[in-house]
Structure formats: C-alpha cells, structure tokens
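Here is a short tour of the pockets and one surface patch in this structure. Have a look at the model first, and then let us walk through it together.

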Amino acid sequence: ILLFAGAFYFFFGQDWQLVLTLVVVVFIHEMGHLLAMKAFGYQDVQMLFVPFFGAFVSGDKQRVPQWQKAVVTLAGPMPGIIIGLILFYFLPQSDLPILLKAANIFLFLNVFNLLPVNPLDGGRLIEAIFFSGSKVVQLVFSLISAVLLLGVGVYFNEIFMMIFGGFMLVGVYNQYHNYRLQRYISHIN
C-alpha cells in the first residue's frame with residue numbers, strides 16, 4: 001500500500017489528500033472482493049496493491065458456481081458506488097470539499113470498473129455469466145478486451161493503458177498456449 005500511495009503521490013503532484021482518498025476507495029473496493037471470497041470459502045485469499053495500476057484480490061476455490069463468481073465480482077464495485085451516492089446525498093449539507101472529491105473518486109473508479117472489458121470487474125462478470133463454459137470464447141473475449149484497452153491507450157496517449165493492454169496481450173498469448181497444451185494432453189489420454 002505504501003508503494004502504491006507513494007507512486008500516486010508523485011503522479012498526482014504531491015496531493016496527499018487525493019492519494020489517501022484513492023487508497024481508501026481502492027481498499028474498500030478490494031475488501032469487498034476479499035470478504036465475499038472468504039464468505040464463499042475461498043482459500044489463500046490475499047490482497048495486493050500494484051503501484052500505478054490498482055489492486056487485486058486472489059484466492060483459490062475448486063468449482064465456483066457462476067452465481068458466486070458474479071457475487072464476488074460485484075462485491076468490489078457495489079459498496080463504492082453506494083458510498084459515493086451517499087456522499088453526494090450529504091454534499092449539500094457539508095462544507096468539506098474532500099467529500100465531493102471522495103464521492104467523485106468512489107463513483108468514477110467503481111462505475112469505470114464495471115465496463116465490460118477484461119480484467120475489469122465488468123469484464124469478469126460478463127465472462128463468469130456468459131463465457132465460463134467455453135475456453136475459446138473466453139480467449140476471444142480476453143483478446144478483444146486487450147486490443148480495446150491497448151487501442152484506447154494509444155488513442156488517448158495513456159501510457160499505463162498501453163502497458164496494461166500489452167501485458168494483457170501477453171497473457172492472452174499464454175492462455176492460448178495453455179489451452180492448446182491442455183487439448184493436446186486430453187487427446188493423448
């Protein structure tokens with residue numbers, strides 16, 4: 001978390017108020033995923049903050065039903081959206097500009113995270129609901145997501161989106177080779 005906060009401290013022109021608000025928003029988002037995973041019996045649940053990119057929660061569970069995947073996915077953005085809306089509701093009664101900043105960050109990050117692009121929560125939700133039965137369709141969806149993210153990064157000259165899209169393309173390439181290897185092994189047996 002300290003590396004994450006430090007990186008954004010310099011990125012956002014040394015605005016500690018903004019950085020601390022961002023850390024709290026991301027922490028609450030990821031804590032939603034973490035608590036949902038623990039509630040559904042995931043093992044080895046861990047939260048990791050990645051400077052300049054965000055954070056993620058990982059855990060292991062064999063045979064996760066689609067509805068549980070959907071709940072775990074939505075458990076991240078929904079609390080932040082609710083908190084953001086509550087803050088906006090109380091803004092007219094407050095003279096604290098930090099509340100407006102926090103409301104905007106809560107809503108923007110969590111609604112943005114619901115875009116139907118992998119690896120955002122919206123992409124994971126679409127994948128869990130519609131594509132969990134087909135590895136080929138998952139690969140195509142991941143490829144489209146990576147190309148879209150890379151393209152948007154190039155269009156807006158956003159280096160982080162370009163880097164992330166590039167990493168996603170490498171991930172899709174690795175997923176494709178794993179898929180081919182699994183098919184090969186299943187044909188041998």
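With nine residues, H8 gives the most to the lining of the second largest pocket. Other contributors of two or more residues there are H6 and H7. Asn118, Glu127, Ser142, Gly171 and Gln175 lie nearest the centre of this second largest pocket.

This is a predicted model, in which local features need pLDDT of at least 70, side-chain atom pairs count only at pLDDT 80 or more, and totals for chains, interfaces and linings use all residues. Residues are numbered from 1 along each chain as its sequence is written, and side-chain values use heavy atoms, with hydrogens and water left out.

For the largest pocket, the biggest share of the lining, seven residues, comes from H2. Nearest its centre are Phe53, Ala55, Asn113, Pro119 and Leu120.

| Pocket | Volume | Lining residues |
|---|---|---|
| Largest pocket | about 1800 Å³ | 49 residues |
| Second largest pocket | about 480 Å³ | 17 residues |

A pocket here is an open set of points on a 1 Å grid over the protein atoms alone, where a 1.4 Å probe fits, with protein on both sides within 12 Å along at least five of seven lines; lining residues have an atom within 4 Å of a point.

Phe167 counts as exposed because its relative accessible area is 55%, the cut-off being over 50% with a 1.4 Å probe and protein chains only. Together with Phe52, Phe53, Ile159 and Ile163, Phe167 forms a nonpolar surface patch with about 460 Å² of accessible area.

Conventions: Patches are made of residues with over 30% relative accessible area and no salt bridge: like charges are joined within 9 Å, nonpolar side chains (Val, Leu, Ile, Met, Phe, Trp, Tyr) within 5 Å. Accessible areas come from the Shrake-Rupley method with a 1.4 Å probe; for residues, only the protein chains shown count as cover. A salt bridge is a side-chain nitrogen of Lys or Arg within 4 Å of a carboxyl oxygen of Asp or Glu. Buried means under 20% relative accessible area, exposed over 50%, partly exposed in between (1.4 Å probe, protein chains only). Grid points are joined across faces, edges and corners, and a volume is the space filled by probe spheres set on the points. Helices (H or I, at least four residues) and strands (E, at least two) are DSSP runs, numbered from the N terminus.
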